[in-house]
Amino acid sequence: MNEEKEAKHEAVCEALRPPPDIKSLEIMVFKGRTPSNWIGSLNKLKMLTLNSFLKLGDEFLGVEISDHIHIHGTSSSSSVIAFPKLQKLELTGMDELEEWEFGNDDITIMPHIKSLYITYCEKLKSLPELLLQSTTLESLTIFGVPIVQESFKRRTKKDWSKISHIPNIEIQNIVFRSK
């Protein structure tokens with residue numbers, strides 16, 4: 001997609017800012033490079049579905065380091081929480097997504113996430129360690145994500161230990177439940 005079309009997608013997404021108290025949001029077929037900054041400001045959001053996005057990273061959180069360096073007159077950023085109430089995140093049909101990582105350790109991200117659903121992201125190489133380590137994560141579904149699926153093969157790959165604490169895991173229609 002050319003830059004002009006990407007810019008149009010970004011402008012439309014920016015113009016469609018939902019009310020701040022929205023609890024569920026689904027965005028489909030966003031072809032811009034960077035989602036709107038308002039996404040990370042939806043503090044009451046409990047369910048988020050993103051279908052056909054190109055990029056996910058710190059910009060997805062809607063907060064920049066410069067935005068929170070001087071919170072309450074201090075240089076601490078520990079009070080910044082991205083998606084404080086989000087419980088369910090679904091990512092699907094992200095054909096071009098290869099990397100998904102949050103690089104800023106100073107931000108608390110999705111502290112109440114319970115369900116992570118990743119489907120048809122064929123080039124995705126890994127899931128963010130920050131999300132996989134969450135003690136609140138109760139359900140992980142991965143389907144159509146071959147590189148990630150291979151890394152989580154039960155008992156055969158070292159990465160299984162990164163998800164073995166999650167009570168309900170489904171990888172390519174194979175269900176694993178902790179006892």
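This is a predicted model: local features need pLDDT of at least 70, side-chain atom pairs count only at pLDDT 80 or more; totals for chains, interfaces and linings use all residues.
Let us start with the overall layout. The chain holds five helices and nine strands. If you trace them along the sequence, the order reads α-β-β-α-β-β-β-β-α-β-α-α-β-β. Of the 179 residues in the chain, 43% are buried.

Glu 26 and Leu 48 are 22 residues apart along the chain, yet their C-alpha atoms are separated by 5.9 Å.

Now turn to the interior. In soluble globular proteins, nonpolar side chains tend to be buried together. Here the largest nonpolar core has 41 residues. The members that touch the most others are Leu 89, Trp 100, Met 110, Ile 118, Leu 124, Leu 127 and Ile 163. Which elements give two or more residues to this core? They are the strands β1, β2, β4 (88-92), β6 (115-119), β7 (139-143) and β8 (168-171), together with the helices α3 (129-132) and α5 (160-163).

Next come the charged side chains. Side chains of opposite charge can pair when their charged atoms come close. The model has six salt bridges. One of them joins the side chains of Glu 96 and Lys 123, at 3.0 Å from N to O. Glu 96 sits in the loop between β4 and β5 (108-109), and Lys 123 sits in the loop between β6 and α3, so this pair ties together parts that are 27 residues apart in sequence. Both partners count as partly exposed: Glu 96 has a relative accessibility of 45%, and Lys 123 has one of 36%.

Helices α3 and α5 come up again in another pair. The side chains of Lys 162 and Glu 129 meet in a salt bridge of 2.7 Å, N to O. This pair links distant parts of the chain, with Lys 162 in helix α5 and Glu 129 in helix α3, 33 residues apart. Lys 162 counts as partly exposed at 29% relative accessibility, and Glu 129 counts as partly exposed at 31%.

Lys 162 also forms a salt bridge with Asp 159, at 3.3 Å from N to O. Is Asp 159 buried or exposed? Asp 159 is buried, because its relative accessible area of 16% falls under the 20% limit. Elsewhere, Glu 98, Glu 99 and Lys 125 are linked in a network of salt bridges.

Lys 23, Lys 44, Lys 46, Lys 85 and Lys 114 form a positive surface patch. Lys 46 counts as partly exposed, at 36% relative accessibility.

Terms used:
Residues are numbered from 1 along each chain as its sequence is written. Side-chain values use heavy atoms; hydrogens and water are left out. Patches are made of residues with over 30% relative accessible area and no salt bridge: like charges are joined within 9 Å, nonpolar side chains (Val, Leu, Ile, Met, Phe, Trp, Tyr) within 5 Å. Accessible areas come from the Shrake-Rupley method with a 1.4 Å probe; for residues, only the protein chains shown count as cover. A salt bridge is a side-chain nitrogen of Lys or Arg within 4 Å of a carboxyl oxygen of Asp or Glu. Lys and Arg count as positive and Asp and Glu as negative; His and the chain ends are not counted. The place of a charge is taken as NZ of Lys, CZ of Arg, CG of Asp or CD of Glu. Buried means under 20% relative accessible area, exposed over 50%, partly exposed in between (1.4 Å probe, protein chains only). A nonpolar core is a set of buried Ala, Val, Leu, Ile, Met, Phe, Trp, Tyr and Cys residues joined through side-chain atoms within 4.5 Å. Helices (H or I, at least four residues) and strands (E, at least two) are DSSP runs, numbered from the N terminus.
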